[in-house]
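Hi everyone, thanks for coming along. I'd like to walk you through a model that may be new to you, so please have it open as we go.

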Amino acid sequence: MASIVLFGPPGAGKGTQAVAIMRKTGLPQVSTGDMLRAALAAGSALGLEAKSYMEAGALVPDSVIIGLIDERMQQEDAKNGVLFDGFPRTIAQAEALENIEEIKVVVSIEVPDERIVERICGRYSCSDCGAVYHEKFNPTSVPDVCDSCAGRQMNRRADDNEDTVRSRLQAYHNQTAPLAEWYSNKGILLRVNGDQQIEDVASEIISGIGG
Ligand code: ADP
Ligand code: ADP
Ligand code: ZN
């Protein structure tokens with residue numbers, strides 16, 4: 001089976017929507033951002049290499065990312081396809097992916113720049129299960145208790161501050177946004193309005209991918 005790509009600017013709702021798509025398709029999520037943060041927390045050489053780029057809101061070099069994906073796709077659970085979240089982010093990554101995995105649809109979650117800063121700066125997540133919340137738009141039902149796993153440890157990402165967000169948006173426009181046209185030319189780009197309620201974005205995606 002082929003894989004799905006979740007595409008969009010930082011804070012578009014890729015991680016949030018991944019939950020609904022995983023439930024629908026059974027595909028495991030492959031988030032390069034999560035993998036890099038795990039490497040960083042583990043203190044591995046790869047984490048150390050990625051650290052300065054992530055802190056600056058710049059993209060980690062393609063060779064590092066492609067190596068990471070290559071290895072991940074050899075694992076047993078990836079054999080029926082995966083849900084890529086935050087990968088590919090450059091044309092070079094997309095070209096490398098062509099030799100690794102077939103992509104059936106690229107879901108582009110479209111959110112205007114002026115919404116991104118408030119989304120990123122209000123984001124927090126559960127340290128235990130990774131569930132993503134937002135201070136204003138999607139808070140936990142009980143303050144600081146995870147709705148998914150009842151965990152009580154909430155976490156904010158070091159790079160979720162206004163300065164870094166501006167750099168990440170710039171990296172998105174310069175290096176990542178051109179991929180939308182690249183995939184559109186291949187006829188597999190599905191554009192979705194990400195500037196609506198979380199459930200409405202999810203319905204648009206699920207009907208679009210033929211769920
Ligand atoms: P968001 O979805 O909020 O933009 P991610 O968790 O996807 O954040 O990524 C966090 C950081 O990790 C990025 O700013 C970048 O430094 C790095 N990163 C993640 N995925 C990639 C990728 N595919 N290519 C290059 N850098 C990446
Ligand atoms: P990404 O993975 O693309 O960086 P996230 O899924 O982490 O984005 O979402 C970024 C922030 O915006 C989170 O705090 C999340 O709760 C919130 N969010 C996600 N989707 C929506 C939406 N449709 N409307 C309002 N807030 C949203
Ligand atoms: Zn949790």
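Let me begin with a question: which residue has a backbone N or O atom 2.9 Å from an oxygen atom of ligand 2? That is G11. Before I go on, a word on ground rules: this is a predicted model, where local features need pLDDT of at least 70, side-chain atom pairs count only at pLDDT 80 or more, and totals for chains, interfaces and linings use all residues. Residues are numbered from 1 along each chain as its sequence is written, chains are lettered from A and ligands numbered from 1 in the order in which they are written, and side-chain values use heavy atoms, with hydrogens and water left out.

Let's stay with ligand 2. In the side chain of R123, an N or O atom sits 2.6 Å from an oxygen atom of ligand 2. R119 brings a polar side-chain atom to 3.4 Å from a nitrogen atom of ligand 2. On its own, ligand 2 has 560 Å² of accessible area, and the protein covers 92% of that. Those areas come from the Shrake-Rupley method with a 1.4 Å probe, and for residues, only the protein chains shown count as cover.

Who are the neighbours? Ligand 2 is surrounded by 19 residues, with K14, T16, R123, Y133 and Q196 the closest; a residue counts as near if one of its heavy atoms lies within 4 Å. By class, this shell has eight nonpolar, eight polar and three charged residues. For those classes, Ala, Val, Leu, Ile, Met, Phe, Trp, Tyr, Cys and Pro are nonpolar, Asp, Glu, Lys and Arg are charged, and the others, Gly among them, are polar. Domain 1 (3-122 + 169-208) and domain 2 (123-159) each give at least three residues to the shell around ligand 2, with domain bounds taken from an automatic or database domain assignment.

Now over to ligand 1. Here too 19 residues are in the shell, and the closest are T32, R37, A58, R89 and R168. R123 turns up again, with a side-chain N or O atom 2.9 Å from an oxygen atom of ligand 1. A polar side-chain atom of R157 is 3.1 Å from an oxygen atom of ligand 1, and for K14 the distance from such an atom to a ligand 1 oxygen is 3.3 Å. The protein buries 96% of the 550 Å² that ligand 1 exposes when taken alone. Helix 2 gives the most to this shell, with four residues; helices (H or I, at least four residues) and strands (E, at least two) are DSSP runs, numbered from the N terminus. Why does ligand 1 lie between domain 1 and domain 2? Because both domains give residues to the shell around it.

Next, empty space. Rolling a probe the size of a water molecule over the atoms shows where empty space is left. On a 1 Å grid over the protein atoms alone, a cavity is a set of points where a 1.4 Å probe fits but cannot get out, while a pocket is an open set with protein on both sides within 12 Å along at least five of seven lines; lining residues have an atom within 4 Å of a point. Points are joined across faces, edges and corners, and a volume is the space filled by probe spheres set on them.

The second largest pocket has a volume of about 200 Å³. Its lining is R37, L40, A41, K51, M54, E55, R157, A158 and D159. This pocket also lies between domain 1 and domain 2, because both give residues to its lining.

As for cavities, the whole structure has one of 30 Å³ or more. The largest cavity holds about 40 Å³ of space, and its lining includes K14, F87, P88 and R89. F87 and P88 are joined by a cis peptide bond, with omega about -5°.

One last stop: D144 is not a glycine, yet its phi is positive, at about 60°.

Note on methods:
A polar contact is a pair of N or O atoms within 3.5 Å; within protein, one must be able to donate a hydrogen and the other to accept it, and residues adjacent in sequence count only if both atoms are side-chain atoms.
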